[in-house]
Amino acid sequence: MCFAADALPPEPPGGAEPVTGSSITLTAADGATFGAYEADAPASSGAGVVVMPDVRGLFGFYENLAERFAGVGIDAIAIDYFGRTAEQPPHARGDDFDFRSHVARTTPESVAADVGAAVDRLRTRGRVTSVFTVGFCFGGSYSFLAASRTDLAGVVGFYGGMRQRVEGGPTPISEAAQYKAPVLGLFGGADESIPPEKVEEFRAALESAGVEHTLHTYPGAPHSFFDRSFDDYAAECADAWTRVREFIATRSGPRPA
């Protein structure tokens with residue numbers, strides 16, 4: 001897992017308007033229902049994000065992050081991956097929730113179906129014209145993989161791994177030739193789980209495929225550096241927020257009428 005149970009995302013530079021989101025239930029194309037957390041911007045910019053958590057699934061950190069996105073004008077839905085396998089909805093899970101057993105039962109297809117339901121939710125409410133994914137670790141890998149969708153304006157991955165999530169399954173590198181959306185990747189230079197050569201291999205695959213991309217590594221930063229309690233990486237967190245917001249703003253269409 002990336003963050004402690006009580007972790008909070010860093011504040012965006014300049015702050016964010018206070019927003020209170022709400023828990024919702026979404027239905028994927030395969031009929032599965034799953035928990036999500038929705039936060040609407042007080043003044044929508046026309047952009048929306050699907051927040052894709054780490055291996056723990058949906059918990060407070062990502063609900064708070066959805067509210068922070070909404071507070072800077074970006075509608076957000078943070079999703080859970082375990083609606084098909086976990087009896088408890090996200091808000092009812094304790095710190096002893098056995099998320100790893102549920103991660104092992106996810107598939108690329110189930111994650112893609114859940115992302116699709118959240119994208120549809122953002123689009124059909126009439127507030128959003130441009131949808132992005134923003135994922136972390138496990139979710140970062142799947143955010144990169146979502147770049148093959150034609151209905152996304154871009155994808156963002158924080159320390160998204162390059163390995164197969166299921167045996168014989170896709171990786172961000174193996175699927176780069178299929179990408180149709182721009183990619184922003186943010187990595188920690190001290191992250192032992194994602195060696196620099198893998199980031200460079202990903203870069204080469206994107207370049208070979210002609211995919212618009214920016215991959216940025218923060219020297220010395222660890223895995224999961226995007227955490228308010230990591231005072232030593234406050235500048236990196238601020239820079240990451242700025243990069244994500246600029247990536248979204250420059251690829252977003254006009255606000256809905």
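**Aromatic pairs and a buried helix in a predicted model**

The UniProt annotation "domain: Dienelactone hydrolase", from an unreviewed entry, covers residues 36-250; UniProt positions follow the numbering used here, feature names are shortened, and annotations may be inferred rather than shown by experiment. The structure is a predicted model, in which local features need pLDDT of at least 70, side-chain atom pairs count only at pLDDT 80 or more, and totals for chains, interfaces and linings use all residues. Residues are numbered from 1 along each chain as its sequence is written, and side-chain values use heavy atoms, with hydrogens and water left out.

Within the annotated span, 33% is helix and 19% is strand, and the end C-alpha atoms lie 27 Å apart. Helices (H or I, at least four residues) and strands (E, at least two) are DSSP runs, numbered from the N terminus.

Helix 4 (residues 138-145) is largely enclosed by the rest of the structure, because 8 of its 8 residues are buried. Buried denotes under 20% relative accessible area, exposed over 50%, and partly exposed in between (1.4 Å probe, protein chains only). Among the buried residues of helix 4 are Phe-138, Tyr-142 and Phe-144.

The structure holds 25 aromatic pairs. Rings of Phe, Tyr and Trp (its six-membered ring) pair if their centres lie within 6.5 Å; planes under 30 degrees apart count as stacked, over 60 as edge-to-face and the rest as tilted. The rings of Phe-144 and Phe-202 have centres 4.9 Å apart and planes at 50°, so this pair is tilted. Phe-144 belongs to helix 4 and Phe-202 to helix 5 (residues 196-209), so the pair ties together parts that are 58 residues apart in sequence. Phe-144 and Phe-202 are both buried.

The pair of Tyr-159 and Phe-225 is edge-to-face, because the ring centres are 5.5 Å apart and the planes stand at 75°. Tyr-159 lies in the loop between strand 6 (154-158) and strand 7 (183-188), and Phe-225 in the loop between strand 8 (213-218) and helix 6 (234-249), 66 residues apart. Both residues are buried. Tyr-159 and Phe-225 also belong to a cluster linked by ring pairs, including Phe-59, Tyr-218 and Trp-241.

Arg-93 is placed in the loop between strand 4 (74-79) and helix 2 (99-103). With 14% relative accessibility, Arg-93 counts as buried. Arg-93 also lies over the face of Phe-97, at 4.4 Å from the ring centre; a charge sits over a ring if NZ of Lys or CZ of Arg is within 6 Å of the ring centre and within 35 degrees of the ring normal.
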